Structure formats: structure tokens, C-alpha cells
Amino acid sequence: MQPPAGLLSAGGFHFHGAFMLAILILAAGRSSRMGEDDKLLQVVDGAPLVATMVARARASGSPVYAALPPDRPARWQALSNSGAVLVNVPDAAKGMGHSIAGGVAALPDGIGAVMILPADMPEITSADIATLCTAWEDAPQDGLLRATSQDGKPGHPVIFPRRCFEDLKALSEDQGARSVLSGEKPHLVALPDRHALTDLDTPEDWHAWRAAQELR
């Protein structure tokens, strides 16, 4: 099977049988708790966070899709040469469910599972993403995988098999994929420290996180 047109990577694509794993970066949120700043444009590893997260996902070799709102041109510009497929989510302001639904609806045939990764999680590394990709290849084909902190607390990313796609495309409002996760028994994949739990929503979050990084 050939990768979707226009998707190139230095790594190898991840397959489970005949199906490919895709990564969906959720980058359509309002960033409303950041005041005048956009959290996804904060500089991490020398680039806007949204571009850094796409680059880390691309390093895995999987095709990458980024769900974006129509009213944030700076985010679109940051990803203009990223190699990701950019997905416009016209109703993104209504909540994360709409971003997930729009992103999953954009996936082509041949995608057997999707890793959903919020873009505001700067501690998720390329190595973490690779760990999840490898775990997916080794798991049952219809299995659902969820990242946890090192001590086992469930977080993100989450890998949803194709059997969940119709439910994901039906999501709305701001509850994310909780309704799809309900009743599932995911295979848990531990990531280092609190990588799977750290998301940054406010200026205070960012200040504390940067201060902690300087101490490492």
C-alpha cells in the first residue's frame, strides 16, 4: 500500500496487517485561557509549539493530519511547510468534539487506526510517539491504546482503531472523545514522568513549565 499522496517521511510507515496508523494533531482550540497570546504559538524547541508537535509526530513515519480552525491564520502559516495534511474545522469553536470529528472524517481509506494527540502537550516527545506506534503494531488490530504517566494515570495520546471511526465522526460539543472511551478497556502504554498528562492552558502554566525546564 502506498502512503496518501503528498505525505513523505524519513521514517517507515506503521502498518498493522494491511492498515496504516495515522496521527491527528488537535490544533483547533480557542486558547481562551491564554489572554491575548496563543498557546500553540509559544516557542518550544525553536519553533511554534504546533509546528514542533507536528515535527515530532512526523518523525514517527506515520502520516500526520492537523485539525485547525478557520480563524487562526498564524497557526496555518506555522504549518504551511510542515508536511502535515491541514484540515479546516469550520465549527471548531463549538468544542473539541468537532475537531476530532472533522479530523477523523478527513482520513483516507487504508487508515486502520488514528492516534489523537492534543497539540498543547509539549512533553510528548518523538520517542513517546514512537513507543505508542510500536505498541500499536504489537496489539490486537481492533485494540484501543492509551498513554499513561509513568505511575499509570491515563492521559494522552490515545490510539483509536477503525471500529471507532464512525463514533468519533459523530462527536460534538466540548467533551472530546470521552463517550467513545466509555466502556472500553484500553491497552495502557506508560510514558516517562508526566508526559502523558502535561498540557499547558494558561500563562501561569507556561511560566511554571519553563521554570521547571530550566532546572532539568
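Student: What makes S5, helix H2 and S6 a right-handed β-α-β unit?

Tutor: In this predicted model, strand S5 (64–68), helix H2 (residues 73–78) and S6 form that unit, and a crossover is called right-handed if, with the strands pointing away from the viewer, the path from the first strand over the helix to the second runs clockwise. Helices (H or I, at least four residues) and strands (E, at least two) are DSSP runs, numbered from the N terminus. Residues are numbered from 1 along each chain as its sequence is written, and side-chain values use heavy atoms, without hydrogens or water. Because the model is predicted, local features need pLDDT of at least 70 and side-chain atom pairs count only at pLDDT 80 or more, whereas totals for chains, interfaces and linings use all residues.

Student: How do you know that S5 and strand S6 pair?

Tutor: Two strands pair if DSSP finds at least two bridges between them, and S5 and S6 (residues 85–88) have four, in the parallel sense; Val 85 in S6 is the bridge partner of Tyr 65.

Student: Why is the pair of Trp 206 and Trp 209 called edge-to-face?

Tutor: Rings of Phe, Tyr and Trp (its six-membered ring) pair if their centres lie within 6.5 Å, with planes under 30 degrees apart counted as stacked, over 60 as edge-to-face and the rest as tilted. The centres of Trp 206 and Trp 209 are 5.7 Å apart and their planes stand at 80 degrees, so the pair is edge-to-face.

Student: Why does Trp 206 count as buried?

Tutor: Buried means under 20% relative accessible area, exposed over 50%, partly exposed in between (1.4 Å probe, protein chains only), so Trp 206 counts as buried at 2%, and Trp 209 is buried at 12%.
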